[in-house]
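Colleague: Please show me the model. I have some questions about its fold and packing.

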Amino acid sequence: MKPHESELPDGVTWTRIWDPALRVFHWALAAAVIVTWGLGKFGPTIMTLHIYLGYVVIGLLAFRLIWGFVGPNPARFSHFLFGPKKTLAYAATLPKRRPSYWPGHNPIGALSVFGLLAILGAQTATGLISDPDDFLNVGPLAKYVSFETARWANGWHYRLSLVVLLLVGLHLAAVLFYRFWKREDLVTPMITGQKAVRDAGEIPPENTPPNSPSA
């Protein structure tokens, strides 16, 4: 249960940060990636469903790319594109056992967003042209590249699946770290859209985001 407005520190208010489309994207991508990864590792030999879900991931990534430019302010890439100085300054606050009340993706979270989107993009791209040489699970675009390239893509498709597993594990670890150490709930805001954030005028200079969030 979220604390009442009166229980929040001065300068902190409940603000609608995450729009419905972004929240649906987040949970749909999480489900699609987990199921697709599981089918790739433990599913049937003929991975038709794995391939179809790969198309779903591609569609979701395409939406996020577009939404990163035309969506509400907190969803735009420009809102959480931070330089090294600001990222290091925020990282220095991580040991402190208190919420950051950051209005959107904080600098560390921003790195995970860009990293995960990039890796998933590479993962789906290699899957499209992958050829495992089993005559069953050939990528739909493999016929447009050389066999050597298709085999190279197949190898990287496997390697990147391990990277995806690592990133998902780090993401879950970060959620638990913020919940139990920073005392900041990151899950509920991605369900309700509302997050306790510090007013732009109350944010310390080293933690000031490039844009203030939309109410």
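Modeller: Contact here means heavy atoms within 4.5 Å. This is a predicted model, where local features need pLDDT of at least 70, side-chain atom pairs count only at pLDDT 80 or more, and totals for chains, interfaces and linings use all residues. Residues are numbered from 1 along each chain as its sequence is written, and side-chain values use heavy atoms, without hydrogens and water.

Colleague: What share of the contacts in the protein with a separation of 6 or more joins residues 24 or more positions apart?

Modeller: Take the contacts with a separation of 6 or more. Residues 24 or more positions apart account for 69%.

Colleague: Which pattern does the protein follow along the sequence?

Modeller: Helices (H or I, at least four residues) and strands (E, at least two) are DSSP runs, numbered from the N terminus. There are six helices and two strands. Read in order, they give β-α-α-α-α-α-α-β.

Colleague: Are α1 and α5 parallel, antiparallel, perpendicular or oblique?

Modeller: The axes of α1 (residues 20-42) and α5 (residues 147-180) come within 11 Å and cross at roughly 135 degrees. Axes are lines fitted to C-alpha atoms over the stretch in contact, with angles from 0 to 180 degrees between N-to-C directions. Under 35 degrees is roughly parallel, over 145 roughly antiparallel, 65 to 115 roughly perpendicular, and the rest oblique. Therefore the pair is oblique.

Colleague: What percentage of the 215 residues counts as buried?

Modeller: Buried means under 20% relative accessible area (1.4 Å probe, protein chains only). Among the 215 residues, the buried share is 35%.

Key: Buried < 20%, exposed > 50% of the residue type's maximum accessible area, 1.4 Å probe, protein only.
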